[in-house]
Amino acid sequence: MSVFDTDIKKLYGVGPARAAAYASLGISSVGDLLLHYPRGYEDRGNIKLIEEADGLSKYAHILTVATQPKSVRVKGRMTLTKFRAYDDSASCEITFFNQDYIKNLFAPGATFRFYGKVEKKAGRYVMSSPAYEPYTEESELLPLIPVYPLTEGITQKQIAKDIRSAMILAATDCDEGDVLPEEIRRRHSLCTYSYAIKNIHTPSSFSALAAAKKRLIFDEFFIFALGLCTARAEAKRALAYPCTRSDLRPLKKVIPYELTGAQERVIEDVRVDMCSDSAMSRIIIGDVGSGKTVCAAAAMLFAVQNGRQAVLMAPTEILARQHYLTLSDIFSRLGIRCELLIGATGAAQKKKIYASLAAEGDDRLDVVIGTHALLSSGVEFAAPGVVIVDEQHRFGAAQRAVLAKKNPMSHVLVMSATPIPRSLALALYGDLDVSVIDEIPPGRQRVDTFVVDESYRERLNGFIKKQVSEGGQVYVVCPAVEENTVGEEEEANLLLCDVGVDGNMIIDEETGSPLKSAIRFSEELANEFPDMTVDFIHGKLKSREKEAKMAKFVSGEIDILVSTTVIEVGVNVPNASLMIVENAERFGLSQLHQLRGRVGRGTRRSYCVLVSQSANKEGRAKERLMTMKNSYDGYEIAQKDLAMRGPGDFLRSGDDERLRQSGGVRFKLAELCDDTGLMTLAFEEAKNTVANDPSLSLHPKLKDKVSTDFTLEQSFVN
Ligand code: ADP
Ligand code: MG
């Protein structure tokens with residue numbers, strides 16, 4: 001048994017009461033205690049003169065006691081103990097409260113390092129209850145004093161002392177128990193584990209602290225990455241039919257455009273995966289409009305070229321229909337048989353499709369496109385080749401599992417339009433191979449974006465009128481469903497801060513303006529524009545109703561569609577030329593980008609208007625909205641969003657199921673957006689390690705560590 005496992009109560013001075021307090025911090029062993037890292041450090045190595053203090057921050061001062069401390073009683077039970085101390089610049093009055101005993105600690109002539117805030121009151125320097133350490137020229141005081149997360153019943157001093165005894169106890173075990181392979185440690189000039197533990201708690205300098213952090217953060221990423229990679233290695237062992245005949249040329253001949261470089265690259269990733277007899281499990285991440293569908297078409301073509309079948313599942317009937325229209329047009333010219341299977345498909349037609357999917361020989365159906373109707377029990381494939389899931393975040397894990405089960409020996413490709421920075425993609429989709437389409441097809445129009453406040457309302461209404469009279473259609477997005485509800489589905493999409501409920505109205509505290517609700521606002525617009533068709537959709541409607549209304553908008557029967565954030569991802573309404581977002585400050589940038597992607601999909605010149613009271617106030621909200629005006633690149637916007645809001649917020653408000661459920665990736669020290677360089681290194685090392693030793697049997701210590709530290713919850717593998 002290692003010292004790390006020793007019960008915390010065995011530490012000198014830790015009795016039942018303190019052990020109970022430690023337990024509430026999740027600390028029960030010496031190892032737990034050593035992994036209880038400081039949340040910050042006091043910079044006591046940077047000594048300032050009294051005169052140099054700014055009255056705002058705490059600093060370290062080396063002062064000599066000038067007067068004998070004196071205690072006075074005030075306000076009944078309170079005792080003040082005061083004395084004066086000086087340095088070369090000035091003298092300062094130091095006060096302690098209710099600590100009568102300190103009288104005996106501070107003898108005139110003795111020198112201490114004090115740490116506290118020096119303020120000037122009535123022309124005199126004063127300092128209250130500073131931290132203090134006896135000081136002599138020879139004393140080697142630590143420059144950085146750790147500040148630990150605390151709980152009731154434990155003080156900073158006690159924790160620091162217990163950690164010191166734990167370090168002494170565990171000194172040798174630290175490096176013996178180190179899980180990081182020595183060659184990896186050396187390759188990246190990482191310090192030893194014992195050095196890291198010592199200097200995270202009692203850093204001898206800033207650079208020692210930096211080295212310690214680098215090492216420990218690397219470990220966190222490395223273990224996380226190993227967990228993902230071993231999980232993936234396991235999944236990889238699933239066999240699939242190798243599609244070795246793969247010729248892209250026929251597809252290129254029938255599409256009316258050239259593939260972008262990014263599409264070529266992604267299709268090549270897919271082709272290589274599908275040639276192998278171990279199952280592809282890849283995600284394509286590409287901004288809205290980046291052209292993922294044709295990559296899916298390529299994967300389907302490769303399957304069919306090898307006598308296998310392909311299935312594409314979309315989250316809604318409208319999307320499935322749109323895919324069917326696009327793809328059946330392409331496939332018919334390639335002699336590939338393709339059918340649509342959705343809930344609305346008639347019973348007779350369904351039967352026919354079931355039969356032809358299971359058929360042998362010439363009668364066999366090559367490609368089927370559909371919704372979750374594809375999951376029904378009648379669907380059986382004679383020769384499954386590739387399974388493709390579009391807008392994967394809209395499906396539950398169970399649904400994906402059913403589809404995979406129906407398609408044994410199949411390659412799997414999922415597609416997502418959530419633009420996330422590469423560092424996050426690695427962490428979130430580490431169990432999948434990631435291909436990114438980072439290029440938008442040429443000639444795509446920019447959606448002109450404006451940020452306005454309420455004073456523009458009249459002009460905005462005029463603009464709506466103009467768009468509709470010219471044959472365009474308008475989306476209006478509101479944060480709330482009804483006057484006093486945000487709705488479950490919508491809530492997850494809104495920024496969580498600042499919403500207060502005032503009476504029955506939801507008020508945006510930052511701007512004081514009420515949140516616009518889809519239902520109410522559609523009534524207002526219907527009054528404003530009596531000769532237009534106005535309708536609304538939101539997350540509380542049944543999905544049938546939502547689809548029906550959406551279909552009406554697609555066909556042009558509705559002029560203005562007022563909606564919450566539930567408007568369909570990926571639906572193409574080429575006529576839609578204006579997107580208005582109300583209370584725009586409530587939405588995440590990446591989400592605004594997704595919303596904006598709903599317009600400008602045809603030849604009509606298109607506009608996006610962000611309405612917000614923040615528009616006339618300098619501040620973070622306005623800065624965020626101006627990012628939308630100035631940038632059209634989903635990745636750049638995601639990166640800004642990440643930098644401004646931090647990964648936690650970013651992950652929570654994403655519309656991806658994985659992101660939402662995760663509540664943020666939790667590491668002790670590592671920050672996803674700050675440490676991407678280290679993260680990439682750790683992922684590379686983990687990949688190599690697993691490539692050479694898939695089950696980590698050559699690295700038993702690592703294997704142990706991964707199995708205790710890496711949880712499915714942390715990994716989002718579902
Ligand atoms: P998404 O990635 O959002 O699913 P789609 O696959 O629906 O994007 O493509 C959006 C539009 O761009 C479609 O009309 C498609 O025909 C067109 N498109 C795709 N690739 C290209 C390309 N390389 N050049 C020009 N247009 C393209
Ligand atoms: Mg799409």
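**Rings and charges**

Guide: Arginine 308 lies over the face of tyrosine 241, 4.1 Å from the ring centre. This is a predicted model, in which local features need pLDDT of at least 70, side-chain atom pairs count only at pLDDT 80 or more, and totals for chains, interfaces and linings use all residues. Residues are numbered from 1 along each chain as its sequence is written, chains are lettered from A and ligands numbered from 1 in the order in which they are written, and side-chain values use heavy atoms, leaving out hydrogens and water.

Visitor: What makes a charge sit over a ring?

Guide: NZ of Lys or CZ of Arg must be within 6 Å of the ring centre and within 35 degrees of the ring normal. Lysine 48 also lies over a ring face, that of tyrosine 59, at 5.1 Å from the ring centre.

Visitor: How many aromatic pairs does the structure hold?

Guide: There are 13. Rings of Phe, Tyr and Trp (its six-membered ring) pair if their centres lie within 6.5 Å; planes under 30 degrees apart count as stacked, over 60 as edge-to-face and the rest as tilted.

Visitor: Why is the pair of phenylalanine 96 and phenylalanine 106 called stacked?

Guide: The centres are 5.8 Å apart and the planes at 20°, so the pair is stacked by the cut-off of under 30 degrees.

Visitor: Why is the pair of phenylalanine 106 and tyrosine 132 called edge-to-face?

Guide: The ring centres are 5.1 Å apart and the planes stand at 75°, so the pair is edge-to-face. Phenylalanine 106 and tyrosine 132 are both buried (under 20% relative accessible area, with a 1.4 Å probe and protein chains only).

Terms used: Buried means under 20% relative accessible area, exposed over 50%, partly exposed in between (1.4 Å probe, protein chains only).
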